[in-house]
Amino acid sequence: MTINVTPIPRLTVLAAPAFVLGDSNVAGSALTAVASDSTLGLAATKAEMEAVSSAAKSATPARTQYHPGVAKGWGHIASDGALGSPSYGIGSVTYVSTGVRTIAWATNFSAATYSTVVGMEGNDTVSGDFSNFAVGSVTLTTYQDGAADDRAGSIAAFGAQ
Amino acid sequence: MMAKRYLTLATDGGLSITEISGDDADGSKLTKTLFEISRTSDSSTPFNPAVHTREAIAAGISGHRALALTAECEESDLPTDRYFRNAWEWVEGLKPVNVNMSKARDIHMDAIRKVRNVELIKTDVPYLRALEAKDTSAQARIAAEKQVLRDIPQTFDLASRTPAQLKGLWPVELPARTA
């Protein structure tokens, strides 16, 4: 009887980090793929998401919100001022007076200069605009024929938080 | 579950009504909202729960007006008709949200004036034509119609006991309301 024995390589404990994947891998070289000190496969930080420069880091669900192209808040506000469901990034809506609502963001913006958009429901006599921009809130006023009036619309906000 | 609403006073003395998005078990969203809607000249200070407590907001923070929560109510406590929205007020002991009838009369008269002004403008061209044609009879008739329209704010009686009664009052000289 013949017994074939195949040696099994012994596992060794490597100094930390055990290995990291390389993003500057030389094609076909397994060595450089694992020997580089790059951070391929790691999640981008908040600052890296906001910088929009890394082609190697990953955007995780928890940090995607920091990308400048992602809305920091959105929602539908009914004519009676009620916030529709679902919404995102909105802490509260205050119905101040006819046509006037203050939207408090769940997370403050880094500065009071950020972009908002509104899409109003109705015909071309209906409009809406924003004022009183603050890091944590903004005022939406909706109009019918130029006069403040309770109208429904959807809003979104973009900027660094 | 009933939808909770939080009442505060606006800068003009009117009633502001806040709806919190999602759960607010510790009340932090409401506190942040009070901080935000109390802003006057300050747009850059971020809400800091350790500093901006309800007591501090009620006492007045630099760049903010002093603001405290007036009351809490359910969504169902609010009037369903928002025609007199800017006349809503909180009066302790009355139903949760009351309509201030004096303010409501002003709102209704503004609505009447808006329609009246359109009707007044409509008489301008016929009056000019009557002038060109030297039709003194038509001039006098149109002038009388214009005067009736002008007098509506002084002559039309808005005495009423309830918001619904007030809303139902409308001058016969004007076209019926569409809204």
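A polar contact, for these notes, is a pair of N or O atoms within 3.5 Å; within protein, one must be able to donate a hydrogen and the other to accept it, and residues adjacent in sequence count only if both atoms are side-chain atoms.

**Ground rules.** I am working with a predicted model, where local features need pLDDT of at least 70 and side-chain atom pairs count only at pLDDT 80 or more, while totals for chains, interfaces and linings use all residues. Residues are numbered from 1 along each chain as its sequence is written, chains are lettered from A and ligands numbered from 1 in written order, and side-chain values use heavy atoms, with hydrogens and water left out.

**Entry 1: chain A against chain B.** I looked up the polar contacts here and got 18 residue pairs, both at pLDDT 80 or more. On the chain A side, β2(A) gives the most, with eight residues (strands are DSSP runs of E, at least two residues, numbered from the N terminus). I then checked contact (heavy atoms within 4.5 Å): 28 residues of chain A touch 26 residues of chain B. The two chains bury about 1,900 Å², with 46% from carbon and sulfur atoms; buried area is the accessible area (1.4 Å probe) that two parts lose on being put together, summed over both.

I also searched for salt bridges (a side-chain nitrogen of Lys or Arg within 4 Å of a carboxyl oxygen of Asp or Glu). The rule finds one across this interface, and B:R82 and A:D150 meet in a salt bridge at 3.0 Å, N to O.

**Entry 2: inside chain B.** Seven residues of domain 1 of chain B contact nine of domain 2 of chain B. These domains bury about 790 Å² between them, 66% of it on carbon and sulfur atoms. On the domain 1 side, B:Y83, B:F84 and B:V99 lose the most area, together 67% of what that side buries.

One salt bridge turned up across this domain interface. I also noted that B:K167 forms a salt bridge with B:D81, closest N and O atoms 2.7 Å apart.

**Entry 3: B:P163.** I placed this proline in helix α6 (residues 163-168) of chain B; helices are DSSP runs of H or I, at least four residues. B:P163 is partly exposed at 28% relative accessible area (buried is under 20%, exposed over 50%, partly exposed in between; 1.4 Å probe, protein chains only). Beyond neighbours within four places in sequence, B:P163 contacts B:F84, B:V99 and B:M101. B:P163 and B:F84 sit 79 residues apart in sequence, yet 7.7 Å apart C-alpha to C-alpha.
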